[in-house]
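Hi,

Here is the structure I promised to pass on. Have a look at it first, and then read my notes below.

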Amino acid sequence: MNVLVCVKRVAMVGARIVLTPDAREVDVRQLGFTISPHEECAVEEAVRIVERRGGVVTVLTLGPPEAAEQLRDAASIGATQLVHLVSDAREWSPVATAEAIVEAIRHLEKQSGPYDLILFGNEAADTGDYQVGVRVAHALARPCVNGIKNLEISDESVRARREFRGGDELYDLTLPCVVAVKEGINLPRYPSLPGRMRAKKMAIEEVPVEWREGALHLERLRVPVEPRERAEILGNGADAIPALIELLEQWGILA
Amino acid sequence: MSNVAGVLCFVEYDDDGVADASLRALTFARSLAESSGSSLAAAVIGSISSSVLASLSLFGVNDVYQVASNGLDVYAPVGWARALGELIESSGAGALVAAGSDRGNEVMANVGASKGLPMVANCLSASWLDGSSIRLSRQRWAGSLIEDAVLEGVPALLSVASDGVLASPVQTPVATAVHEWQLQANETDASVRVVEWIGRGGGVALADARVVVGGGRGVGSEEGFAALDELAGLLGAAVGVSRAVTSAGWRPHAQQVGQTGTRISAELYLACGISGATQHLAGCRSAKHVVTINTDADAPFLSRADYAIVGDLSVIVPALVSAIQARKSS
Ligand SMILES: Cc1cc2nc3c(=O)[nH]c(=O)nc-3n(C[C@H](O)[C@H](O)[C@H](O)COP(=O)(O)OP(=O)(O)OC[C@H]3O[C@@H](n4cnc5c(N)ncnc54)[C@H](O)[C@@H]3O)c2cc1C
Ligand SMILES: Nc1ncnc2c1ncn2[C@@H]1O[C@H](COP(=O)(O)O)[C@@H](O)[C@H]1O
């Protein structure tokens, strides 16, 4: 089985988001980078499928040169083909991202055969656009489902589960298809030391891509005003328990 | 701005009536329509019950399209998107709005993909600037950051943040005209659809729990959760955890609170040994009262909680359990 996974490099914002002075970007100077937990799980799922059924896991990212780091992270847990659509640091619209990914997939499929399954994260951690996977699927005329937390693969189809109103709904899709997954579909492994070493040396196929303007024009970013400012300290250690119990009574939680 | 077309809102419902998230979407859509003095329409796939119709008039819907189709009464994102795409055209709507739910976002992405239109997810507010552009605010980072932007082009496709807009009805219910709409479903429309739904019994569902007892890395181990489980039992609460806990394999992901976990809306969130990263806080923004227990008085959670106890949870939680038990038996 040939599986392609699309991942996005995002800043690991911590307890507080700091913006650049022009309020158009997150100030990332103090921050590390990662991929979303959804996408980490997508990589893990692809690796498990290929471990069971044979095949190749290819991981693709569109991002600045530094995004090679995220490809190598994916390689350290088992991806063996790495594709980097190299852009400048500008932010891409989801429409343009999907277009560039589709062009790359068409090119890659000519080179090394069709992908049976293309995996996405349910949404990118930073922009949360909820759509790149669906757009790619439409352009390739393949069926697609989002928000998947369990995937069973057979020779010709996949059965996908998604949570809905306190239960699970099931979808059957014929291969080739596109699936966007959520964290919880699996528990990703930690990279092994040999895995890391291998990833370091792995070749990356680089394809330059031109940034395109989107339809949504950013004016500014802002950190929302939070309703809570500073907690009232009820006390230290177990001495605070009577005060807490009083609150629980007041809120009707303890009768 | 009388030349601006109306707003169409895709409405989700269940046996109890219109889904809460769709009531919020309707409120958002109405405010967009009002910004240009245009009308509000709704699209319902399947048959409209009297309780759904009552909610629609309560939320100011002038026209509702009842979409009937051969075989698409179960959820089928491609087919539902095609129905909405055709409705935009025939009703001449200038914007299509949906709840930022799994289905809402998925249907909107499909409308966007099939019609070659941009789609903006998780909006908080929007108003027409002129007949072809909208000024809007939307969530990024699951609401930890807000983007103010202008969207060019019609029809606009917008989904509404599930935790950022309050549902508010109109002062006097309007008369809602019901229009039948038929979709001739083809093979592609039904290629992806729900084939089965399986209920999951037992336990208090985290998303709906009235009280959530939270545990983070500070709980220390899988065994450390015994005291939290006991406390949750006494309070009729669900247990919620941080990603540090699910990554360590101490607890299943179904219990994770946050950006990539569950969003809770409890009366009380008692968060123990959780530092308060933005991605965790994104999951408890709708909690009414937040109390946190942490050894570190400078942990970020203390600036996002109502009350805090500074100290070791492995002492405080068992002591709280004993105090509640003593109170119950006295
Ligand atoms: C894209 C993305 C999405 C994410 N999504 C989520 C998500 O959905 N949910 C989520 O939770 N995280 C999420 N994270 C991870 C998040 O950034 C944090 O890493 C995580 O929430 C930390 O968990 P924690 O607070 O339990 O651990 P830590 O940050 O390590 O905090 C542990 C806290 O426990 C306190 N403590 C230690 N011992 C004790 C004791 N004995 N008694 C009392 N207090 C004690 C410490 O002072 C500290 O404040 C996401 C991250 C990214 C990048
Ligand atoms: N720049 C990118 N490079 C590769 N994949 C991406 C990129 N942006 C988004 N994706 C993929 O598309 C999914 C949905 O993203 P979005 O629609 O932007 O929320 C993400 O979880 C990724 O799997």
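This is a predicted model: local features need pLDDT of at least 70, side-chain atom pairs count only at pLDDT 80 or more; totals for chains, interfaces and linings use all residues.

A:Ala23 sits in the loop of chain A between strand S2 (10-11) and strand S3 (33-34). This alanine has a positive phi of about 55°, although it is not a glycine.

In chain A, one joins A:Leu175 and A:Pro176, with omega at about -5°. A:Pro176 belongs to the loop between strand S10 (167-174) and strand S11 (177-181) of chain A. In chain B, the bond from B:Val154 to B:Pro155 is cis, and its omega is near -10°. B:Pro155 is in the loop that runs between strand S9 (145-152) and strand S10 (156-160) of chain B.

Now the sheets. Strands of a sheet pair through backbone hydrogen bonds, and they do this either parallel or antiparallel. You can see both kinds here.

The parallel one is in chain A: seven strands make an open sheet, in the order S7-S11-S6-S1-S4-S5-S12. Strand S7 (144-148) and strand S12 (204-208) of chain A are at the edges with a single partner strand each, so one side of each has no neighbour in the sheet. On average, neighbouring strands of this sheet are turned by 20° against each other, direction ignored. Zooming in, S4(A) pairs with strand S5 (residues 81-86) of chain A in the parallel sense, over six bridges. Within that pairing, A:Val59 has A:Leu82 of S5(A) as its bridge partner. There is a helix to look for here as well: H3(A) lies across strand S1 (2-6), S4, S5, S6 and S12 of chain A, and runs at about 145° to S4(A).

S8(A) pairs with strand S9 (residues 157-164) of chain A in the antiparallel sense, over four bridges. In this pair, A:Glu152 stands opposite A:Arg159 in S9(A).

On to the ligands. Which chains does ligand 1 lie between? The answer is chains A and B. Its surroundings count 29 residues, and the closest are B:Arg217, B:Ser242, B:Ser275, B:Gln279 and B:Asn294. By type, the residues of this shell are ten nonpolar, 15 polar and four charged. A polar side-chain atom of B:His280 lies 2.8 Å from a ligand 1 oxygen, and a polar backbone atom of B:Thr260 is 3.0 Å from an oxygen of ligand 1. Taken alone, ligand 1 exposes 990 Å², and the protein buries 82% of that. The elements giving two or more residues to its shell are helix H6 (243-247) and helix H7 (278-281) of chain B.

Ligand 2 has 19 residues around it, of which A:Cys6, A:Glu39, A:Leu62, A:Ala124 and A:Gln131 come nearest. Its shell divides into nine nonpolar, six polar and four charged residues. The backbone does the work in these contacts to ligand oxygens: a backbone N or O atom of A:Tyr130 lies 2.9 Å away from one, a polar backbone atom of A:Gln131 is 2.8 Å from one, and a backbone N or O atom of A:Val132 lies 2.9 Å from one. The protein covers 98% of the 490 Å² of accessible area that ligand 2 has on its own. Strand S4 (56-63), helix H3 (94-112) and strand S6 (117-121) of chain A are the elements that give two or more residues to this shell. S4(A) gives the most, with three residues.

Cheers

Definitions and conventions
Residues are numbered from 1 along each chain as its sequence is written. Chains are lettered from A and ligands numbered from 1 in the order in which they are written. Side-chain values use heavy atoms; hydrogens and water are left out. A residue is near a molecule or strand if one of its heavy atoms lies within 4 Å of it. A polar contact is a pair of N or O atoms within 3.5 Å; within protein, one must be able to donate a hydrogen and the other to accept it, and residues adjacent in sequence count only if both atoms are side-chain atoms. Accessible areas come from the Shrake-Rupley method with a 1.4 Å probe; for residues, only the protein chains shown count as cover. Ala, Val, Leu, Ile, Met, Phe, Trp, Tyr, Cys and Pro count as nonpolar, Asp, Glu, Lys and Arg as charged, and the others, Gly among them, as polar. Two strands pair if DSSP finds at least two bridges between them. Axes are lines fitted to C-alpha atoms, for helices over the stretch in contact, and angles run from 0 to 180 degrees between N-to-C directions. Contact means heavy atoms within 4.5 Å.
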